Amino acid sequence: MQELKLGVAYHGNRLLSHVEADMKDIIAHNFNTVVHMFSHNDWDRSDNIMKEIFDITSGYGLDIWVDNWGLGGPPGDKSHFLCYHPEAHQIFSDGTMRPVSVCFNHKCYVDWTKEWIDKVYECGGRTIFWDEPTLSLEDTRFSCACPVCKKLFAERYGREMPVIPDADCYDFQEWSIVNYFREVTAYSNAKGMKNIVCVMLHKGIGISLDNLGALGKLETMDNIGCDPYWVGNSQLDGSYENIYRFVYESTRKNITVCEQCGKDHNVWVQGFGNPPGREEEMIYAAEAAYDAGARNILVWGYRGSEGNNYRARQPEIAWKTMGDAMGRILNKERDRIAAAARKAMGL
C-alpha cells in the first residue's frame, strides 16, 4: 500500500535557528515531506548549512526532496553557471540570446549537473526533484538554436534548423530535454538516488503534461508529475467547481500517463499568488487531486511563499488553509485504510 506523501516547498531560509521551529510547524500542518531548494548559491556558500538543514529535517522524520532550483535558469533563480560558461547560453532561433537560461545540450552543463548531484549526495540528499524543465517557444522563434543545437538538429533531421518553429523543432525540444535527463538521472540513479520530475501544463515549453510520457520512458526517472495551478486563469478564478474539475482532470491525466509508464506521480497545489479571500480554493484543489487518485500531493510553498514577491497575499491565512487541506486528505486516507481493514476482517 502506497504511503500518503504530503509535501511542501521550503524556500529561502538558511538560518538554522529558524529551521527546527519551521520543521515542527510543517509537521503541525499535517505535512510529512519537505522539498528543499539547493541552488548554485547554496552549493557555493551554504553546503555545510544545507547538510545541517537536511539532518534537522530528517531528524523529525520528514522525507526530503532536493530541488535543482535555478541551476539552468528559470523557473527558479537565474543561472550562475553562465558566468563560467557563457557559450552555453540558450539562443533563440532568430539569433538573440536567452540571457539567463542554459542549453540542455552543452556537455559542460551536463558535467556540471553531475557535480551538483555529487554535492547533494554529500549533504545527505537521496531524492532529487527536477523542477519544471523548459525551453522557450514563441510564435516566431524558439530555443535552443545555439551552434551545438543547430548541428544536432541537422544531424537528426537532415536539414538546417528553421527560424519559425515547425513540428521538427517541437520534437527537437522534447529530445533535448529527455536526452539531458537520460544522462543526469542515470548518474544519480547509479548513486542510489531517486529522480522525480514535475512539468508545467501548457504546451510549447519542450515537455508539458501533454508529452510527460517522454520523460516517463526513462528507466532512471522514478516519478513524473505536474502542477495544475489555477490562479490567473480567468476561466477558473472564483469557481470552486471549476477549480475542482480542472485539478481533478489534470491529475487523472497525469496518473494515467504514470500507469502507462509504470511510474509514481506527484501533483502540486498552488499555495502562492493566492488573492485575499480565495485561500479556500486550495482545499478544493487538494481534495480534487486526492479524489483523482493522487497520493503524492505537495504545495508550493511554505507559509504561502511569504518571502517572495509572488507570495499569497495573506500568508498566515494561506498557511492555515494549507494545513487544513492536508489534514482533510490525511483523515480521508485514514478512513479509507480503516474501511479496507474492516472489510478484510468481515466487520
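# Close-up views of a predicted model

**View 1. Serine 305 is buried, with a relative accessible area of 6%.** Buried means under 20% relative accessible area, exposed over 50% and partly exposed in between, with a 1.4 Å probe and protein chains only. The model is predicted: local features need pLDDT of at least 70, side-chain atom pairs count only at pLDDT 80 or more, and totals for chains, interfaces and linings use all residues. Residues are numbered from 1 along each chain as its sequence is written, and side-chain values use heavy atoms, with hydrogens and water left out. Serine 305 lies in the loop between strand S10 (296-300) and H11. Helices (H or I, at least four residues) and strands (E, at least two) are DSSP runs, numbered from the N terminus. The phi of serine 305 is positive, about 55°, although the residue is not a glycine.

**View 2. Glutamate 132 has a positive phi too, near 45°.** This residue is other than glycine. Most residues other than glycine have a negative phi. Glutamate 132 sits in the loop between S6 and H6. Its relative accessibility is 11%, so it counts as buried.

**View 3. Two peptide bonds are shown in cis form: one joins proline 74 and proline 75, and one runs from serine 143 to cysteine 144.** Most peptide bonds are trans. At the proline pair, omega is about 0°. Proline 75 has its place in the loop between strand S3 (63-67) and H4. From serine 143 to cysteine 144, omega is near 10°. Cysteine 144 is found in the loop between strand S6 (127-131) and helix H6 (147-157).

**View 4. Phenylalanine 81 and tryptophan 112 form an aromatic pair.** The structure holds 26 aromatic pairs. Rings of Phe, Tyr and Trp (its six-membered ring) pair if their centres lie within 6.5 Å; planes under 30 degrees apart count as stacked, over 60 as edge-to-face and the rest as tilted. The ring centres of phenylalanine 81 and tryptophan 112 are 4.8 Å apart and the planes stand at 40°, so the pair is tilted. It links distant parts of the chain, 31 residues apart. Phenylalanine 81 belongs to helix H4 (residues 81-84), and tryptophan 112 to helix H5 (residues 107-122). Both residues are buried.

**View 5. Tyrosine 180 and phenylalanine 181 pair edge-to-face.** Their ring centres are 5.0 Å apart, with the planes at 75°. Tyrosine 180 has 3% relative accessibility and counts as buried. Phenylalanine 181 has 2% and counts as buried.

**View 6. Two arginines lie over ring faces: arginine 141 over phenylalanine 92, and arginine 295 over tyrosine 290.** A charge sits over a ring if NZ of Lys or CZ of Arg is within 6 Å of the ring centre and within 35 degrees of the ring normal. Arginine 141 is at 3.7 Å from the ring centre of phenylalanine 92. Arginine 295 is at 3.8 Å from the ring centre of tyrosine 290.

**View 7. Serine 93 sits in the loop between strand S4 (89-91) and strand S5 (97-102).** At 8% relative accessibility, this serine counts as buried. Neighbours within four places in sequence aside, serine 93 is in contact (heavy atoms within 4.5 Å) with Thr140, Arg141, Phe142, Ala145, Pro162 and Val163.

**View 8. Helix H1 (residues 16-28) packs with helix H3 (residues 47-59).** The angle is about 25°, and the axes are 10 Å apart. Axes are lines fitted to C-alpha atoms, for helices over the stretch in contact, and angles run from 0 to 180 degrees between N-to-C directions. H1 and H3 are therefore roughly parallel to each other. Angles under 35 degrees count as roughly parallel, over 145 as roughly antiparallel, 65 to 115 as roughly perpendicular and the rest as oblique. H1 and H3 cross in a right-handed way. A crossing is left-handed if the near helix is turned anticlockwise from the far one by less than a right angle, and right-handed if clockwise. Leu16, Val19, Glu20 and Met23 in H1 meet residues of H3 that include Ile49, Ile53 and Ile56.

**View 9. Glutamate 287 lies in helix H10 (residues 281-291).** Its relative accessibility is 10%, so it counts as buried. Glutamate 287 touches Tyr244, Arg328 and Lys332, with residues up to four places away in sequence not counted. H10 packs with helix H11 (residues 315-344) at an angle of about 30°, the axes 9 Å apart. This crossing is right-handed.
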